[in-house]
Amino acid sequence: MRQIWFITGGAIFVFSLIVGGFTLNQANQEEIELSSRMQSRAQLLAASLAESIGPPFRSFATTTVDLRINNFVTNERLVGLAVFDNTGSPVALSDNLPQEAIMRANIGRVMDSNEPEGIFVPLGGEYLYVYTIPLRGATEEARVIGALTVIQNATYINEGIRQVWLNNALWLILQLLVFVGAVVLLVRFAVAKPLSRMTESLKSWRTGAAPPADISHGLLWAPLTNEIRKITTSLQQARSAASEEARMRLEKVDSPWTAERLKEFVRVYLKDRPIYVVSNREPYIHFKSGRGKIEYSVPAHGMVTAVESVMVACGGLWLAHGSGDADKETVDKDDKIAVPPEEPRYTLRRIWLTDREVEGHYTGFSNEALFPLCHMSYTRPVFRKEDWTTYKRVNGKFAEALLAEIKHVHQPIILVQDLHFALLPRLIKKARPDAQVGIFWHHPWPSAEQFSICPWRKEILDGILGADVVGFHTQQYCNNFLDTVGKEIESLIDFERFTVTRSGHESLVRTFPISIAFTNGTHAVASDQHKEALRKLGITTEFVGLGVDRLDYIKGVLERLRGVEWFLDRHPEYRERFTFLQISAPTRLGSAKHREYGEEVSSEVERINKKFQANGWKPIVFEKRHYSHAELDPLYRSVHFCLVSSLHDGMNLVSKEFAAARDDETGVLILSQFTGSSRDLKGAIIINPYSLEEISSAIHTALTMPKAEQHRRMRLMRNSIKNYNVYRWAAEFLKAVASLG
């Protein structure tokens with residue numbers, strides 16, 4: 001479309017130049033014609049007047065001469081007349097004769113040359129024509145005895161020229177308006193509308209929202225639509241083949257899971273039943289940028305990364321708290337919006353919470369009570385009654401919204417995410433016993449002794465056990481959960497089947513180690529782009545390490561930085577040759593503990609850099625902002641190692657993203673033993689993040705590891721991720737929730 005307007009602008013420019021040149025020529029012709037007429041009239045008038053005043057002038061009857069020239073000054077274009085003797089002295093002058101015009105008349109030159117002369121003179125905002133002829137004696141051969149000057153108003157000549165320009169300008173504007181109007185109509189009806197219809201038809205077909213529609217739109221687009229029709233036919237055949245292949249793979253346990261296979265699983269086994277996801281964090285946050293536009297961001301969170309892949313593949317409805325300052329401006333009357341923004345695949349419904357509800361539910365009870373309770377990071381939980389009250393109220397608000405959505409849906413499948421909604425499964429089951437509810441706990445589950453310090457532990461456990469399936473990352477978390485249930489509430493636990501029966505309802509407790517969508521190099525970029533990504537950050541050293549985390553105290557960023565410091569102290573030969581890039585997105589800013597931790601990390605970076613910096617080099621580059629997957633991918637591919645030093649982490653998907661990105665099978669992953677992913681990624685160098693010596697030693701091992709060993713380890717990790725990706729995680733979780741055995 002931009003090209004069309006560029007061509008239109010060029011046509012307007014050329015057309016304007018042509019009209020401008022034509023107008024200039026017309027104005028010149030008009031000026032020549034009007035000037036010629038003025039000169040002719042001046043000559044006739046001067047000749048006539050010379051005959052009239054000749055006798056009295058020669059007889060020195062100056063009074064008569066003066067009377068006659070004043071009688072002549074009646075025409076509106078005649079400014080004045082003047083008669084001069086042979087010495088150039090005025091004999092007779094008409095009234096109000098402009099003196100400056102007389103001075104420009106060149107009386108002496110006319111009498112000397114015995115030839116008439118005319119000149120155009122601009123004077124006081126007017127344009128005058130001064131014409132002077134010599135006066136002779138009674139005979140033709142008589143000498144010059146004086147001169148006659150006729151002064152006429154020639155302003156109308158300029159006005160005539162201006163009128164030519166004005167008329168042509170108005171005509172040009174009218175023509176351009178007609179031309180632009182015709183272009184707009186042509187673009188709208190012959191280009192934009194057909195293209196829009198074709199785009200919508202193709203988009204609906206590509207996303208599966210509708211079958212291929214007729215995309216023929218006239219002779220203009222016939223060649224293009226014919227080719228598109230052939231392409232859609234080929235793609236339709238490919239889609240059918242992929243669907244059939246996915247259906248066949250459903251019966252093969254060892255075949256890889258893909259988005260298409262998961263979609264086929266939902267279609268065949270779940271009969272396209274809608275899936276409802278509930279989480280506190282929304283997958284897309286809309287905000288107002290500094291330029292006055294509305295933009296969006298994707299939160300840096302493993303839950304969002306994993307569940308988003310599932311929802312894009314399967315569709316459905318995702319309920320979440322609308323936290324962006326422009327969220328309300330982007331939803332419809334039902335508080336819904338189709339996402340992802342570029343290619344909608346499912347619906348996001350936003351739930352609005354007051355500042356007080358956010359403070360009590362999210363910042364207070366979820367982040368300052370349950371979060372530190374679940375993580376062994378030596379951060380004391382804070383339990384406040386008012387936070388618990390708000391937590392219950394927000395769970396009730398989400399339950400009410402969800403029940404309204406599933407009002408007319410038989411056996412809805414509901415996937416509750418994380419510790420923010422521990423009470424929600426029981427609330428849903430009480431109102432809709434037919435609903436099939438699963439809750440996935442994205443964090444570790446603590447030991448029974450550790451969980452026993454929570455004042456409302458029984459209510460939390462009862463809420464969770466309202467679900468049909470309770471999912472954790474590892475078997476250890478499942479064991480801890482069953483131990484906790486056994487010690488805290490009355491129930492029947494079957495340790496062989498890993499089920500809990502309470503009040504006649506059975507809950508299955510299982511491990512579903514979450515993963516990522518394994519792309520296998522689908523989004524690979526050129527090696528020069530890898531280097532460019534580092535150069536933009538000012539990193540040009542021979543060796544580079546990478547850390548990617550939220551600024552969360554469970555991630556062990558401080559321990560990691562001090563481990564880098566320890567490494568440089570023990571191996572000074574790497575100074576000015578090694579850079580560690582730490583990317584950390586601020587998180588949970590409402591929590592004072594997280595804000596303090598972010599400030600402490602910044603101070604530690606500054607201290608270590610000040611200690612080692614030399615010749616423009618500093619050992620740590622700290623990027624305190626969110627990086628998208630597209631921005632991280634070239635960094636994952638360009639560094640020598642990725643360091644994950646979480647003090648306690650449910651899974652940690654950064655470790656899996658790094659391994660998945662390394663399709664060259666090089667690079668080294670250094671991984672904390674306290675992450676869930678350490679059970680899956682056997683090719684990583686496993687460390688105790690509390691030991692600076694182990695971190696330092698692992699960095700040195702990573703930088704000196706032979707390529708053959710790197711290939712062996714990376715291949716092992718990539719195969720693990722490929723065999724158990726996020727689509728398999730979703731399929732197994734959905735299969736358990738839907739009671740498919």
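Let's start with two helices, α17 (residues 557-570) and α18 (residues 592-612). Their axes come within 10 Å and cross at roughly 10 degrees. That makes α17 roughly parallel to α18. Angles under 35 degrees count as roughly parallel, over 145 as roughly antiparallel, 65 to 115 as roughly perpendicular, and the rest as oblique. The axes are lines fitted to C-alpha atoms, for helices over the stretch in contact, and the angles run from 0 to 180 degrees between N-to-C directions. On the α17 side, the contact includes Val557, Leu561, Glu565 and Leu568. On the α18 side, Tyr597, Val601, Val605 and Ile608 are among the residues involved. Contact means heavy atoms within 4.5 Å.

A word on what you are looking at. This is a predicted model, with local features needing pLDDT of at least 70 and side-chain atom pairs counting only at pLDDT 80 or more, while totals for chains, interfaces and linings use all residues. Residues are numbered from 1 along each chain as its sequence is written, and side-chain values use heavy atoms, with hydrogens and water left out.

Now the overall count. The protein has 23 helices and 23 strands. These are DSSP runs, numbered from the N terminus: helices are H or I with at least four residues, strands are E with at least two. Of the 741 residues, 51% are buried. Buried means under 20% relative accessible area, exposed over 50%, and partly exposed in between, using a 1.4 Å probe and protein chains only. Take the contacts with a separation of 6 or more: 70% of them join residues 24 or more positions apart.

Next, the cores. A nonpolar core is a set of buried Ala, Val, Leu, Ile, Met, Phe, Trp, Tyr and Cys residues joined through side-chain atoms within 4.5 Å. The largest one has 73 residues. Leu262, Trp318, Leu635, Leu669, Trp729 and Leu734 have the most contacts inside it. Which helix gives the largest share of this core? It is α23, with nine residues. A second, separate core has 53 residues, including Phe421, Ile428, Ala467 and Val509.

Zoom in on Leu262. Not counting residues up to four places away in sequence, Leu262 touches Trp257, Val310, Ala313, Cys314, Tyr727, Ala730, Ala731 and Leu734. Phe265 is in helix α7 (residues 259-268). Phe265 is buried, at 4% relative accessibility. Phe265 and Leu734 are 469 residues apart in sequence, yet their C-alpha atoms are 9.6 Å apart in space.

On to the rings. The whole structure holds 32 aromatic pairs. Rings of Phe, Tyr and Trp (its six-membered ring) pair if their centres lie within 6.5 Å; planes under 30 degrees apart are stacked, over 60 edge-to-face, and the rest tilted. Phe440 is buried at 0%, and Trp729 is buried at 3%. Elsewhere, ring pairs link Phe543, Phe567, Tyr574, Phe578, Phe580 and Phe641 into a cluster.

Two charges over rings. The charged end of Arg570 sits over the ring of Trp566, 4.0 Å from its centre. Arg625 lies over the face of Tyr627, 3.9 Å from the ring centre. The criterion: NZ of Lys or CZ of Arg is within 6 Å of the ring centre and within 35 degrees of the ring normal.

Buried or exposed, or in between: where does His629 fall? His629 counts as partly exposed, at 48% relative accessibility. His629 lies in helix α19 (residues 629-638). Leaving aside neighbours within four places in sequence, His629 contacts Thr305 and Glu657.

Last, the backbone. Most residues other than glycine have a negative phi, and most peptide bonds are trans. Val339 and Pro340 are joined by a cis peptide bond, with omega about -5 degrees. Pro340 is in the loop between β10 (336-339) and β11 (346-351). Asp418 has a positive phi, near 80 degrees. Asp418 lies in the loop between β12 (413-417) and α12 (424-431), and is buried at 2%. Phe498 also has a positive phi, about 55 degrees. Its place is the loop between β15 (492-494) and β16 (499-502). Phe498 is buried, with a relative accessible area of 18%.
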